[in-house]
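Hi everyone, thanks for coming. Please have a look at the model on the screen, and then I'll walk you through a few places in it.

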Amino acid sequence: MICPAIAEFAAALPRVGALAGLDLGTKTLGVSVSDTLRSIATPLRTIRREKFTLDAAELLKIVAEREIVGLVLGLPVNMDGSEGPRAQSTRAFARNLEKLTPLPITFWDERLSTVAAERAMLEADLSRKRRAELVDHVAAGFILQGALDRLGHLGRADV
């Protein structure tokens, strides 16, 4: 089930359970996961993309192993807020994924997540090669952390 708004996504989630954040690229799919209380996002791994069925199978294997209860896809919005071909591709990926899993799926604006990931890895003094290996799932961590922070804020507003 695709939830266009984060509040709808929050309403569709069980009270506890881990979420997965996804940074969808043309060649890779970065995956991050949260703890069951949804406070911290942790970069997990990068899946080399082949074709949708194989990518989805690998992703759903992680979902099952980690007992994920919801998915947050980074939406590559242009700096002016408009959506281009990459955003359309991400939405198509979500529609196809929705057919394979009953989990709620939402989108999170991923503008500058890769920049933030690169900056964090530079500060950690990682080599260029190591940064290239890690950037996608670290960016997925930034995407998921943003969504977790918003979900936490929504939860506090309900109390």
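Let's start with E83, which counts as partly exposed because its relative accessibility is 37%. For that word, buried means under 20% relative accessible area, exposed means over 50%, and partly exposed lies in between, using a 1.4 Å probe and protein chains only. E83 forms a salt bridge with R91, and their closest N and O atoms are 2.7 Å apart. By salt bridge I mean a side-chain nitrogen of Lys or Arg within 4 Å of a carboxyl oxygen of Asp or Glu. R91 is partly exposed too, with a relative accessible area of 27%.

A quick word on where this comes from: it is a predicted model, in which local features need pLDDT of at least 70 and side-chain atom pairs count only at pLDDT 80 or more, while totals for chains, interfaces and linings use all residues. Residues are numbered from 1 along each chain as its sequence is written, and side-chain values use heavy atoms, with hydrogens and water left out.

Now, how many salt bridges are there by this rule? The count comes to 4. In general, side chains of opposite charge can pair when their charged atoms come close.

Another of these pairs is E110 with R86, where the closest N and O atoms are 3.6 Å apart. This pair links distant parts of the chain: E110 sits in the loop between strand 5 (105-109) and helix 4 (113-123), while R86 is in helix 3 (residues 85-98), 24 residues apart. Helices here are DSSP runs of H or I with at least four residues, strands are E runs of at least two, and both are numbered from the N terminus. Is E110 buried or exposed? E110 counts as buried, because its relative accessibility is 8%. R86, by contrast, is partly exposed at 47%.

Next, please find R45 and E58, whose side chains meet in a salt bridge at 2.6 Å, N to O. R45 belongs to strand 3 and E58 to helix 2 (residues 52-66), so this pair also links distant parts of the chain, 13 residues apart. R45 is partly exposed at 31%, and E58 is partly exposed at 23%.

P43 is partly exposed, with 33% relative accessibility. Which residues does P43 touch, leaving aside its neighbours within four places in sequence? They are V31, S32, H137 and V138, where contact means heavy atoms within 4.5 Å. The C-alpha atoms of P43 and A139 are separated by 7.9 Å, although the two residues are 96 apart along the chain.

On to the helices. Helix 2 and helix 3 pack at an angle of about 65 degrees, with their axes 11 Å apart. The contact is made by F52, A56, L59 and L60 of helix 2 and by F93, N96 and L97 of helix 3. Those residues divide into 6 nonpolar, 1 polar and no charged; nonpolar covers Ala, Val, Leu, Ile, Met, Phe, Trp, Tyr, Cys and Pro, charged covers Asp, Glu, Lys and Arg, and the others, Gly among them, are polar.

Finally, the whole chain: there are 5 helices and 5 strands, running α-β-β-β-α-β-α-β-α-α from the N terminus on. Of the 159 residues, 43% count as buried.

Key
Axes fitted to C-alpha atoms, helices over the stretch in contact; angles between N-to-C directions.
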